[in-house]
Amino acid sequence: MSIAPRRHQRDALPGFYLSLGVTLLWLGGIVLVPLLALLLRPLELGPLGFWNSITEPRVLAALRLSFLGALAASLVNLPLGLLVAWVLVRYRFPGRKLLDSMVDLPFALPTAVAGLALTAIYAPNGWLGAPLAALGIKVAYTPLGVGLAMAFVGLPFIVRTVEPVLRDMPPEGEEAAATLGATRAQTLWRVVLPALAPALLAGFAMASARAIGEYGSVIFIAGNMPMISEIAPLLIVVRLEQFDYAGAAAVGIAMLALSFLLLLALNLANRLWRRA
């Protein structure tokens, strides 16, 4: 009995070493080299100067607003993004395709235009800002406005991450839960959310990362008042305008380190949830 020789299968891409070399070269030029330059620039400050640069009260206030505002906006977007994804996947209604296209609007809209639009709407004399101001709620030029702009740019990440998982989720589990007498709230809590939790965590991570580094749509509605509504990316720009390149790089390193720790924690939580 003869064994037919295996036919050699040609890969669409070139050989492993050539592909790996091109990948590393591209990754190094786009990511590693700029990061290396960012890490080397604050060396001229020295360890003590670097620490003093990132622990100034103005810097700490800007970092706190950027990270806490991004986390708060992403938390608000979790149920809203799940609701939007659920409506788009499970229901058919007139205008559904238009709503689906509007979800991606923050991706296509220039961030500066989004910031101007949000400021015009939520300013004290705006369409929504005036009624809210009459109730004693000021949105524009406050940390609340910063969180609103961050929620605007982060919502599509959660919707688009949850939507394909929800589309592939078979309805048999929900039908079985209803057959066994489970209420809709119990079905949502014990059947739907456990299946969607990894996607929700991934969307939360991407939305948070996007909001932390957001600049254009935030600076117009923030008011940019130091210690109150100034975000960390704006502080980096301020230091660059003052020719304090090492100080700007120090703030950038602080943002990079905090963002890495945040994403690491979220990825670990996602892995633990998948194993549970």
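Biologist: Leu 264 first: buried, partly exposed or exposed?
Modeller: Leu 264 is partly exposed, at 37% relative accessible area. Partly exposed sits between buried, under 20%, and exposed, over 50%, with a 1.4 Å probe and protein chains only. Bear in mind this is a predicted model, where local features need pLDDT of at least 70, side-chain atom pairs count only at pLDDT 80 or more, and totals for chains, interfaces and linings use all residues. Residues are numbered from 1 along each chain as its sequence is written, and side-chain values use heavy atoms, leaving out hydrogens and water.

Biologist: Which helix is Leu 264 in?
Modeller: Helix H13; helices are DSSP runs of H or I, at least four residues, numbered from the N terminus.

Biologist: And how far is Leu 264 from Ala 205?
Modeller: C-alpha to C-alpha, 9.5 Å in space, though they sit 59 residues apart in sequence.

Biologist: Switching topic: which residues touch the most other members of the largest nonpolar core?
Modeller: Leu 63, Val 146, Met 150, Val 218 and Ile 231, out of 37 residues. A core here is a set of buried Ala, Val, Leu, Ile, Met, Phe, Trp, Tyr and Cys residues joined through side-chain atoms within 4.5 Å. Helices giving at least two residues each include H3 (57-90), H8 (143-168) and H13 (245-275).

Biologist: What does Ile 231 touch?
Modeller: Ignoring residues up to four places away in sequence, its contacts (heavy atoms within 4.5 Å) include Ala 62, Val 146, Glu 214 and Tyr 215. Apart from that core lies another, of 17 residues, Val 89 and Met 169 among them.
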